[in-house]
Amino acid sequence: MRTRQPAAPERGVHLASNKPAESTDRLVCSGVTPRRTEWLPELLSELRPRTEATIRNYSRTDSWRTSTALCSRLHPDWNTLDDAWTDDVAEAVAYTHAITTLATTYDTTEERSRYHQHRHADLVDTVESIGTGRGPVNAGLGALAKGPVALHRELDREPRVITLLLDGAAWTSLEDRRTGVRALATIAVLAHGFCVRVGVSPALQRHLMTRYPQWTEAHLDLTVSRDRSPTTGHHQPRRVDDAWAAICDLDTEPTKRHLLGCLTDEDARSYTDLTNEPTLDIAEGTISRYVLDLEARDLVTVDRRGQQNTVQLTELGTTAVTACLDDTEALIHPDQCQLDGRLTGTPQRFTSTVSPRRAGGPTTEEWITATGKTDDDAEYVQWLTDPNANSPIRHQRFATVAVDDSITLVDDPLDAFEDGRVAYLSHTDTETLVICQWGGPLATLGRLASALLSENALNHILTPARLGQQFENITDSSEDTPRIIQRGHQVGWFSEDEATYQAWRDRITTVRDQLLARLAELTNSDDTAARSDLFADLHGLVASVTQLYQAAGLDLTTTLRVPDTAALARNHKTRADFCAFLAKTVPKQSVFGIHSGYRLLFEDRPAKLRRRLPYDVDPTDRLDLTMSWVIAGPTITELHEAITTTLEQELATVREAIAEGTEDAPPLSIPVRDATTYPAIRRVIDEIAMTHDVQWTPRERQQLVRLCLRSFGPADTTRRACPYDVVESLQQARNEPHHPTPADVERAAATLPPERFRPDLAPTATKLYATLLRADKPLGRSELLERADISASSYDRRLRDVRALDRVCAVQVDGHRRWTTRATRVQQSAATLETHQQPPTPDQVVTSHATGQMPTHSACAESKPVTTTHSMIRNSTHHCRRRHPLGDHLDRQPLDHPQPTTMRSDHPTEQASLPLHSNQRGERQ
């Protein structure tokens, strides 16, 4: 990367030079971290007076007329009755009204009445919170793009310069890559309306290129091509090489290639014209982003002087289209033009298509249940994905469903493992998954400990390179590392003798083997005291190792599979044991900065309390979980209420001093989420779209949610769906060479086993429908019988059911009736969509402490946060790693809850004794 930038401001992202800004009016935002909520409101606040001045220059009429005219100019269909507003449009319209009122009504310094003071403050809040997720309707980047970015792009004669100075330490120490992706996406959105100059150090440049290569190539590396001196005097081959260099990495982006193929260097085309181009399948909001990328590559030039932007090919773009694209806009190296046509073609229609899985191969569920027998030398801990291979598909199937700091319930028609004692392990640079099968409380706890401290985990995850030879990589270098690990994280079996990695590994593996040997002896034993001691030791071992995973920057998730959910739910004792296992185990995996959460809230042994580090808290703090949980089973969501009730009772047993308010500690919130509902499925779709940069429009996302609820849910309802099937279908649809549409996703879903796709249909009808979806031409009766592998009588019996489906229709081919599927579904009514969007019943936010208690209330949400409700106060001696929650409802403070002032906890040493369950004694040291 080179620190060069255009002489005149241009919209886009540019590297900032070391020269001072030419104008004092330019915005400079320093200390930009990966968390956009830390700097975007400040930037919007600095931008506000400039936006007000721009609006006053645009119009001096009253605020309502001005804002209405602006909304009509920026969003032509904003006041039509045909389409409902999206959240983005709603927040952008609110922004436009607010900023216009500020510019035209509150543009004087005269003293305001109390009413106008409150109104002015509300308007400022609306303007400075847009796009942050905390605005009037909690909209995201779409609102930012449609609000201030669109306004300045439309009204500014020259792009306004915004300089963002990135905080190198914050970016290089970031653990969750998704946080950085969101921040960089925010910068890219700002670049649509502003000249955004990014200030980065050479070290941070290298870090960004390594961790975010696609973004840096699109927005930083390639923008310098516009700033280079014109290349004159070169021969044509050199120009062809430049064209190939500019276009070669579009091999996985066929839509951008098709967009280039629709342009010429003579006739400029408007964005609206390109949106209506029948050969292009690009949403209106995507055209601008694609054009910006092509402009950054110097392949197109954009004229922004007229009412509508127009685009045409540059000289380099013309060379790229003629020399590097064939008639179908597929990439072809210029040297290949000299080859003849006697070469073997690719097996796919498009060169960028990945061949689908061969028929007859095992599904993910079939593969994972075939564990082998440990008695026949099968490993007790096996890899879900090869740690040395780049094949994260199985990992993503399980990881996408999980929500950080939660218990997530998934209705999944899974089968039992061939050997229930086997556990699976999978990991990436920032994430670790454990998958095991429920076998009773004690056995399950042992399987979990065995997986987390297995030789696989120690050799590939908790390595000396990650932890440090003296654990220096997981603590502040200026702190006393052994003391932090012992008295902060409360890691057991860690003394001065275990202060080096090898010594700790030797000790902890010895403890692991001893506990697993005791587990084998006591699994079927009636010795209550011995089992209780083993419970306490295993809880301590698991809590200790999850603290290390958390300190190492790894998001840890355990998927607990319960194959026979119905039998477990019917038996009162087994159901109670299962709920108690979660209630006793989950809270122990909690942390506040460097402090063990269990010790802060529940520990009442004076000796243990005296061995804690001091801490400070404030009212906005809460504990995090060191390990998130996914519970999967055929009907596991039916235990939602039982799990929540048992967990509520457990969290109510906070230490007496905390319950009485004489000691302060951050609260612990554990949402119990239903992953099969409309908002949960929408979250999965949004996660896939963000991770793989799939630009689905809001309407397409709604269609995808409806499709998934109809395709992967129980036969008796369209309000639930199995998220694992959603992930698999979306992943397979991504193999399409173009933008995957809902129809492509349904075609991918048709490759799932019949029992997982359209369970509302009879199995034979499902096979017929899946066959039609996968077919590339209309099929007659004989072809359907052969491909679907069904009998003629079954075909005749179920054809009527298949004909009734929206997408199935009959066509005439050579005078014979054939069956095929339409490209799109019949439009559903708004009433049907509304029923899909509503969860079956409103969840309740349950609180467990009477003093300062929030009133229990209902909310149409997908989770049940179960919260300890003593006073919260903030501060920690170490930075607390905060994973991203699903929503912001857990961050809201109760309106009537008194907010205590910041104070320091001195840990009273004498505590009243509370009766503890025999399995609740926490970490052993």
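This is a predicted model: local features need pLDDT of at least 70, side-chain atom pairs count only at pLDDT 80 or more; totals for chains, interfaces and linings use all residues.

Colleague: Why is Cys29 called buried?

Modeller: Buried requires a relative accessible area under 20%. Cys29 has 3%, so the term applies.

Colleague: What makes Cys809 buried?

Modeller: The relative accessible area of Cys809 is 18%. That value is also under 20%, and Cys809 therefore counts as buried.

Colleague: How many disulfides does the model contain?

Modeller: The count is zero, taking a disulfide as a pair of cysteine sulfur atoms within 2.5 Å.

Colleague: Why are helix 33 and helix 35 described as roughly perpendicular?

Modeller: The axes of helix 33 (residues 763-774) and helix 35 (residues 792-803) cross at roughly 70° and come within 9 Å. Angles of 65 to 115 degrees count as roughly perpendicular, so the description holds for this pair. Their crossing is right-handed.

Colleague: Which residues of helix 33 and helix 35 meet?

Modeller: From helix 33 come Thr764, Ala765, Leu768 and Leu772, which meet Ser794, Tyr795, Arg798, Asp801 and Val802 of helix 35. By class, this contact has five nonpolar, two polar and two charged residues.

Colleague: What makes helix 34 and helix 35 roughly perpendicular?

Modeller: The axis of helix 34 (residues 781-788) crosses that of helix 35 at roughly 110°, and the two come within 10 Å. Since the range runs from 65 to 115 degrees, this pair is therefore roughly perpendicular. Arg781, Leu784 and Leu785 in helix 34 are in contact with Ala792, Tyr795 and Asp796 in helix 35. Four nonpolar, no polar and two charged residues make up that contact.

Notes:
Residues are numbered from 1 along each chain as its sequence is written. Side-chain values use heavy atoms; hydrogens and water are left out. Buried means under 20% relative accessible area, exposed over 50%, partly exposed in between (1.4 Å probe, protein chains only). Axes are lines fitted to C-alpha atoms, for helices over the stretch in contact, and angles run from 0 to 180 degrees between N-to-C directions. Helices (H or I, at least four residues) and strands (E, at least two) are DSSP runs, numbered from the N terminus. Angles under 35 degrees count as roughly parallel, over 145 as roughly antiparallel, 65 to 115 as roughly perpendicular and the rest as oblique. A crossing is left-handed if the near helix is turned anticlockwise from the far one by less than a right angle, and right-handed if clockwise. Contact means heavy atoms within 4.5 Å. Ala, Val, Leu, Ile, Met, Phe, Trp, Tyr, Cys and Pro count as nonpolar, Asp, Glu, Lys and Arg as charged, and the others, Gly among them, as polar.
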